[in-house]
Amino acid sequence: MALLFCSCGPIAPEDWAPSLSMILLGLGGSTTNPTSLKPGQVVNFNGGQGNVTGTVVDINGDGIADGIALGPANSGITPSNSRPILILMNSGEGEFPDGMDVNGDGNIDYFISIKNDGNITLSAQPNGSGNQITVVLGQGFDTNGDGAIDNPILKQLASDTISPVSTITPAGGTYTSSQNITILCSDNIAPGHIVYTKNGTTPNYRPINGIIKNPPTTSFTVGAEGDGTYTIRYLCRDLVGNLESLHTETYAIDGNVPSVTASLASTYVSNSSGAIDSSQLTWSSNVNGSYSLRSGGTNCTDGTELSNGNIIAAIPDTSTILNAGSLALGNTTIRVCVTSTNNGLVGSYALIITRDDTPPTVTASPTSGSYISLVSVSLTCNDTGGAGCDKIAYSSGTGSAPTDPAITGTTGNITSGNLYSSSIATADLTTTYVKYIARDQAGNTTVVGNESYTVETTPSIPTQVSVLGVGTEIFAQWAPVANATEYRVYYGTTSPVTISSASITGITNTYHKITSLITDTMYYVRVEAMNSLGAVSQLSQEQTVYTTTTPPGAVVSGSYVDVSAGYGGSAQEISGLIDPISNKLLFITSDGLNNGNPSLYRCNIDGSSCIRTDISAGQGNGSYYIFPFIDLLSNKLLVVVRNGANNLRPSLFRCNLDGTGCTHTDISAGQGINSGMAVSAVIDSISNKLLVVTQNGTNNNKLSLFRCNLDGSNCTHVDISTGQGINSGKEPFSLIDYTSNKLLVVTQNGANSNKLSLFRCNLDGSNCTHADISVGQGTDSGIAPTAVIDSISGKLLVVTQNSNINGHPGLFRCNLDGSGCTHTDISAGQGVNSGALPSLVIDSVSNKLLAVTQNVASNSTPSLFRCDLDGSNCTHTDLSAGQGIDSGTSPYALINPITGKLFVLTQNGANGTKPGLFIW
């Protein structure tokens, strides 16, 4: 039984034929009897996905479904004798065929499964395991799901016009007993079915006459019925349907004639330098007699005699060397004829030797070029001289060309490079070089070929986009995209923004200021990345921004909103963000009335209509140091905390953006109790990793980096304390400097008298350095550090509660490598401990730093210190909006781009420690 894939209309084999875009595949299954399919039934092959369909066909005319013609049904293909056939095989794991030979070499390439729902799939391993294989009409097979063709056999078949060549061993002659006959079908790309008859009639595929067998070889016995004359007629086709000419061989079986056997050291020879230039003939007879060794002809009386003499029974003769130069190109029949001394009868044995002086060729698919997606390079050997390909050797490398591969023609040994067996992967952001050489079975080798592939994949969607509008300008900023050489900003006053909207191109920084806008107007902004080959990303998530007349935090008076959603719980700690998808205010608290579990509050953008949700996913008490993010790749809320219920280890809560479907993951990577004493987190958008920095109590309160996938899986741990001592990792705050792809962590360094320290590492935690950036400030000058990066000037801005200046807010301004630091008291005349628990944001339109603190000098109400980015021209604003004592506990500041306002979330001690929102 064989299964076929093609574009076809009618059902029976005599009524359909292939176009060059179709392919015939065998059908088997792990759960369903393949014979339950009926001729004419239309099926989807790629697991029910896409529009690739096939029609079940009957190949051998017995009325049983034994093929699937892949392609659109009722495509009106004109009947023909040729049919492309890929071969169904049984791996031996079950009753029904479950494997596919797609190149006619007799080996299973892919495995077939029919699922319970009737969908049919190909896979790399039996029973649907391993990679799923996708068939692409007219192209080939994607074997790893990357969308690239790894096996281009269908494309090669589509342009194949060369007929296959078959040989038979032994050739016709007179033999003393029945003979085991082997027919071998060879092709430049992929041999197909062999058809033969044993009764002298003409074999045919349509209408069927004879016996049809799978490639590349078939064996059968001639003469088992007894003495007599037997005529074998045979031919083969390749997988695209090219037919060779008909062959005829006659075998006379006579039990009284001598029995002769013979073999060749090599069936294939070549007259080309470095190839197999000769083949030794070894033969013997079962009786004494005289012999004649003949070339060509059809019997022992014609052809050319090469030698003659006498032979002793059972003693092999090895004296004959068949030199390629003495043979004609192509197939030559070599016949050993022995005349018995006893009865004068003649027995013979005939075999075929092939002279092939033509080296094979190798085709690389795809060919050299620049690509915007990763490609897999397939190498295909073609041989038109008759010997058939033997092997391909290759070498590959990135950045520079590798050493040439080499194959010894006479032996086939690979002396340099690797044996090619599957497609070669290319690398991103570099050039992959591939060199190759092939050998055919006559020992002819190709010259070394070479290809080069420069790959720059389609850029990822820009993420972490933030916008702020003031007056007639909007400042947009985003995280860098790997491989991007240019960014484009699209904007408009109507949503959605598209690539047809107004745009700014040629941006090489990860920020841009849009000018000449209309004030007091709502705008919508999206960002696109482009690489050097011109491939562009999808547009980023749309951001909504209002061009407010008055900068955030600069209004004369603000307002206050109780955002507790009617819940009496205390917000012991609070952090927030804006959801750009729903334009909602999201903030997370450590809920004092719920054992410190994390709670999500989801409000309208003005703080109204808040809804509270417990997102603790069954974890117990005590979630502090809250760092929330929105993963726009999965539209998930990520919340990193110090988890008291997990022995103060770092934890990740991952939820839908409305707070449902939450899961919890311990991301401590095997670190012990107290490994998350204080936590800070950032998202590395280049590698899509979550970077969590902690004060690791398991390691003497030194700095640790936990690096995880965004779902919390595959976390690793690195000590990044770079030689700093006990308590050097206190109160960490982390950022990413994308200009140099560095992780920056500032700490209250307990090993250095609580002064301010900067730890600077690669994004994987390697090559860390430490710098004391306290710039002469004394003991306890680095209390509770918080930081931002001024992208325009390339400065790190850190504000601490600086006890060296009576707990005032102090600004440390440094280069991003920690050099060139300065310090400025930004308290604007406020008193002792006015800088407690600072929280920072930047207004990059107005070039202002906004530092919000719990102003202990003013009864712990929230205060704003608004300064130029170098710390000059500071002003102070009481943000309490009529709220009383302790209304500014644990403030968290953010700028709401939709309203153009400064939002400050606090644990409002004046309102029962409920969460409160101050809007300025």
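**Reading strand pairing and burial in a predicted model**

Q: How many bridges join strand β20 (residues 268-269) to β26, and do the two run parallel or antiparallel?

A: Strands of a sheet pair through backbone hydrogen bonds, either parallel or antiparallel. Here, β20 and β26 run parallel and are joined by two bridges. Within this pairing, Tyr268 stands opposite Thr354 of β26. Strands are DSSP runs (E, at least two residues), numbered from the N terminus, and two of them pair if DSSP finds at least two bridges between them. The model is predicted: local features need pLDDT of at least 70 and side-chain atom pairs count only at pLDDT 80 or more, while totals for chains, interfaces and linings use all residues. Residues are numbered from 1 along each chain as its sequence is written, and side-chain values use heavy atoms, with hydrogens and water left out.

Q: Which strand runs antiparallel to β26?

A: Strand β25 (residues 330-340) does, through 10 bridges.

Q: How many of the residues of β26 are buried?

A: Buried denotes under 20% relative accessible area, exposed over 50%, and partly exposed the range in between (1.4 Å probe, protein chains only). In β26 (residues 346-355), nine of the 10 residues are buried, so the strand is largely enclosed by the rest of the structure.

Q: How many residues of strand β35 are buried, and with which strands does β35 form bridges?

A: Nine of the 11 residues of β35 (residues 430-440) are buried, so this strand too is largely enclosed by the rest of the structure. β35 pairs with strand β30 (residues 389-398) in the antiparallel sense over nine bridges. Seven bridges join β35 to strand β36 (residues 449-455), again antiparallel. Tyr436 has a bridge partner in each neighbour: Tyr394 of β30 and Gly449 of β36.

Q: In what order do the strands of the open sheet containing β44 stand, and which stand at the edges?

A: The order is β44-β71-β70-β69, four strands with antiparallel pairing. β44 (559-562) and β69 (889-896) are at the edges, each with a single partner strand, so one side of each is left without a neighbour in the sheet. Neighbouring strands are turned by 25° against each other on average, direction ignored; axes are lines fitted to C-alpha atoms, and angles run from 0 to 180 degrees between N-to-C directions.
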